[in-house]
Amino acid sequence: DIRYLSSASGGLTKYVKNLLNNKEIFTIPNIITMSRIVSSPLLGIAVANDMKVLALSGCVIFSFTDWLDGYLAKKLHQETVLGAFLDPVA
């Protein structure tokens, strides 16, 4: 919310704290998706360096976690706008 930024005492700090405490950002499915995004460069390195077993293992793990975060989002009723945006990115 932009009103936090306009307050004179620690507006940005309050905004960041509010953002980090947002329960819709740090859901289990979103954390799984974000971990997939963060580890994507490692998969790219494995593919680029012809590490076939590691690359295949990474693809299998990524596929499983893609299914898992979707399943958990529905099962735990943790579907979020952020998750809908991040999942195709991952």
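Helices, taken as DSSP runs of H or I with at least four residues, and strands, taken as runs of E with at least two, are numbered from the N terminus. Counted in this way, the secondary structure of the chain comes to five helices and zero strands, and the order read along the sequence is α-α-α-α-α.

**Confidence**
- The average pLDDT of the chain is 84, and 79% of the residues reach a score of at least 70.
- Confidence is lowest in helix α1, which covers residues 3–6 and has a mean of 51, whereas it is highest in α4, where the mean is 95.
- Where pLDDT is low, the predicted coordinates should not be read in detail.

**The chain as a whole**
- The chain has 90 residues, of which 22% count as buried.
- Its accessible surface amounts to about 6600 Å², and 69% of that area belongs to carbon and sulfur atoms.
- When contacts between residues at least 6 apart in sequence are considered, 56% of them join residues that are at least 24 apart.

**Salt bridges around Arg 36**
- The structure holds four salt bridges, and among them are the pairs that Arg 36 forms with Asp 66, with Asp 69 and with Asp 87.
- The side chains of Arg 36 and Asp 87 meet at 3.0 Å, N to O; since Arg 36 lies in helix α3 and Asp 87 in helix α5, the parts tied together here are 51 residues apart in sequence.
- Through shared partners, these salt bridges join Arg 36, Asp 66, Asp 69 and Asp 87 into one network.

**Burial within the network**
- Arg 36 has a relative accessibility of 3%, so it counts as buried, the cut-off being under 20%.
- Asp 69 also counts as buried, with a relative accessibility of 4%.
- Asp 66 is partly exposed, with a relative accessible area of 35%, and Asp 87 is likewise counted as partly exposed, at 28% relative accessibility.

**Thr 80, a residue in a loop**
- Thr 80 is located in the loop that runs between α4 (52–75) and α5 (81–89).
- Although Thr 80 is placed in a loop, its relative accessibility is 12%, and it therefore counts as buried under the cut-off of 20%.
- Leaving aside residues up to four places away in sequence, Thr 80 touches Glu 24, Thr 27 and Asn 30.
- With Asn 30, the side chain of Thr 80 also makes a polar contact, side chain to side chain, at 3.2 Å.

Notes:
Residues numbered from 1 in each chain as written. Predicted model: local features only at pLDDT ≥ 70, side-chain atom pairs only at ≥ 80, totals over all residues. Heavy atoms only, no water. Buried < 20%, exposed > 50% of the residue type's maximum accessible area, 1.4 Å probe, protein only. Polar contact = N/O pair within 3.5 Å; in protein donor to acceptor, adjacent residues only side chain to side chain. Contact = heavy atoms within 4.5 Å. Areas by Shrake-Rupley, 256 points an atom, 1.4 Å probe, with all protein chains shown as cover. pLDDT = per-residue confidence, 0-100.
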